[in-house]
Amino acid sequence: MVHLDAASLPRLDARVSVPGYDRSRVRPGIVHIGVGAFHRAHQAMYLDRLLELGGDPGWGVCGVGVMPRDAAVRDVLRDQDHLYTLLTRAPDGTERARVVGSVVAHHHVPDDPEAALARMADPATRIVSLTITEGGYSVDDATGEFDPRDEQTLADLADPARPPGSALGLLAGALRRRRDAGTVPFAVVSCDNMPGNGTVCRRALLSFTARTDPGLSAWIEEHVAFPSSMVDRITPATTDALRSQLATRYGVEDGWPVVAEDFAQWVLEDRFPAGRPALERVGVQLVQDVEPYELMKLRLLNASHQAMSHLGVLAGRRWVHEVGRDRAFSRFLRDYMDLDARPTLPEVPGVDLDAYCEELLARFGNEAVCDTLARLATDSSDRIPKFLLPVLRERRAAGADVRRMVLVLAAWSRFLEGRAEDGTPIEPSDLRLAELRSHLAREAEQPGAFLDCRPVFGALGQDEEVRAMYVAARRRLAERGALACVQELLR
Ligand SMILES: NC(=O)c1ccc[n+]([C@@H]2O[C@H](COP(=O)([O-])OP(=O)(O)OC[C@H]3O[C@@H](n4cnc5c(N)ncnc54)[C@H](O)[C@@H]3O)[C@@H](O)[C@H]2O)c1
Ligand SMILES: O=P(O)(O)OC[C@@H](O)[C@@H](O)[C@H](O)[C@H](O)CO
């Protein structure tokens with residue numbers, strides 16, 4: 001068994017590809033906040049590929065962790081010279097193992113906010129990117145208003161003079177230093193799954209600074225670029241089973257490997273006043289307007305994920321591929337894509353949407369990637385309003401049949417009640433669980449009360465026809481089960 005670190009690279013199993021470039025020359029030009037599974041399977045992978053092609057070594061990554069739990073990643077990465085293994089698995093079971101070398105440093109904000117701030121203020125940092133989850137931006141889905149709830153952001157707003165502890169606080173603090181020093185600002189790149197993620201991030205930061213430092217807010221508005229991006233690679237959370245597989249198959253001891261599907265896509269708006277890596281060399285699409293790609297991905301892939309997760313769990317499934325390979329469920333998803341989502345999409349340059357949807361279904365059926373429905377169903381109160389409800393609203397306004405999407409909402413409500421159809425307990429994890437359940441508790445006397453949760457459903461929840469469909473779908477789910485409900489709605 002070989003413990004992964006810089007010294008052990010030459011001794012690794014020959015099937016594990018390792019950085020061929022000189023890591024001692026790699027310097028962080030990018031600071032990334034939220035070095036979770038996805039960043040390491042996606043952005044860091046693209047930069048690793050670029051370095052492998054002889055790309056500018058000034059485009060390495062320094063990770064930044066804001067949440068207390070990020071200390072665990074920091075410790076593992078530090079112990080491994082910031083190296084980790086990325087396993088990619090294709091639907092046919094083909095697996096590739098790669099040690100990624102593009103991450104070269106990591107700062108943990110709860111322990112040392114100054115180190116993170118100094119790194120972000122350093123002129124060598126030209127991009128700050130983020131995967132801090134949809135909730136990390138504190139923008140209310142129903143109103144579009146800034147409505148912070150997390151401890152770190154609230155603490156930064158309450159006392160702007162103390163060292164920042166939140167992602168927004170760090171961005172503001174670092175940009176203030178750059179402005180004061182006359183340093184060109186970095187571009188801020190959100191890589192979270194949100195429509196208009198650059199715009200959302202900009203709105204959040206401007207709202208944050210409007211409350212803490214209005215002069216800075218005006219400067220950011222004028223000088224800082226927030227290119228939007230569409231990011232795609234299905235990346236489950238790391239498990240102990242993955243660590244053991246890596247050890248057994250390749251003899252590598254890695255505290256935090258990552259597994260992902262073999263597919264990867266990144267479409268990025270080309271607005272980087274301080275410069276950017278030559279990402280086009282490694283397959284990243286640099287475009288003027290990312291919106292069509294973003295809408296395509298969020299409404300076809302992520303909304304389908306929401307549709308399959310709650311229905312699937314109610315029907316007793318645990319894995320994404322179990323649902324993806326089920327004939328009725330996959331036909332239901334394809335109907336959703338073709339009849340509900342696609343009519344709401346603009347033309348997507350260079351994309352054949354039929355082929356895209358077909359490929360999505362194959363990706364959902366990828367057993368080797370071991371993705372769980374539970375991951376997809378986490379924090380759905382933050383996902384459904386961004387991925388599914390915009391489609392439901394548009395189709396409703398067009399007078400279309402919206403029963404498939406309403407069935408998904410009904411399944412979500414049953415899921416939140418905490419029991420699958422076979423009686424197995426479900427433990428939902430959601431930022432708004434208490435609030436959602438307080439609405440659900442009124443369903444018995446007031447059918448449809450779940451839809452009164454305004455921050456999630458907004459005015460749509462008061463649409464009488466939608467409510468009636470939802471109540472009927474909930475009843476059918478209870479009487480007949482998720483699979484039968486899905487089958488009933490197949491075209
Ligand atoms: N996993 C995927 O398949 C995938 C694919 C495309 C996009 N994404 C995007 O990436 C995000 C993260 O996914 P992941 O798989 O890396 O998850 P993860 O749980 O592995 O990592 C999430 C990271 O975000 C940090 N974080 C969470 N809330 C935060 C907050 N309020 N402020 C600052 N940091 C915060 C966590 O501490 C952690 O470092 C998703 O929410 C999604 O928007 C994920
Ligand atoms: O990451 P989230 O929570 O936005 O959504 C869950 C999944 O739908 C998502 O992670 C997908 O796997 C991913 O967006 C694929 O690129």
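This is a predicted model: local features need pLDDT of at least 70, side-chain atom pairs count only at pLDDT 80 or more; totals for chains, interfaces and linings use all residues.
**View 1. Division of the protein chain into two domains.** The protein chain is divided into domain 1, residues 2–287, and domain 2, residues 291–488. Between the C-alpha centres of domain 1 and domain 2 the distance is 29 Å.

**View 2. The contact between domain 1 and domain 2.** On the domain 1 side, 23 residues are in contact with 26 residues of domain 2. Strands β10 (229–232) and β12 (258–261) each contribute at least two residues to the side of domain 1 that touches domain 2. Of the elements on this side, β12 gives the most, with three residues. By class, the residues on the side of domain 1 that touches domain 2 comprise twelve nonpolar, four polar and seven charged.

**View 3. The residues surrounding ligand 2.** The shell around ligand 2 consists of Glu134, Asn193, Asp232, Arg233, Ile234, Leu301, Asn302, His305, Leu376 and Arg383. Four of these residues are charged, three are polar and three are nonpolar.

**View 4. Origin of the shell around ligand 2 within the chain.** Both domains take part in the shell: domain 1 (2–287) and domain 2 (291–488) each provide at least three residues. Helix α10, spanning residues 291–314, supplies the largest share of the shell around ligand 2, namely three residues.

Note on methods: Residues are numbered from 1 along each chain as its sequence is written. Chains are lettered from A and ligands numbered from 1 in the order in which they are written. A residue is near a molecule or strand if its C-beta atom, placed from the backbone, lies within 6 Å of it. Helices (H or I, at least four residues) and strands (E, at least two) are DSSP runs, numbered from the N terminus. Ala, Val, Leu, Ile, Met, Phe, Trp, Tyr, Cys and Pro count as nonpolar, Asp, Glu, Lys and Arg as charged, and the others, Gly among them, as polar. Domain bounds come from an automatic or database domain assignment. Two residues are in contact if their C-beta atoms, placed from the backbone, lie within 7 Å.
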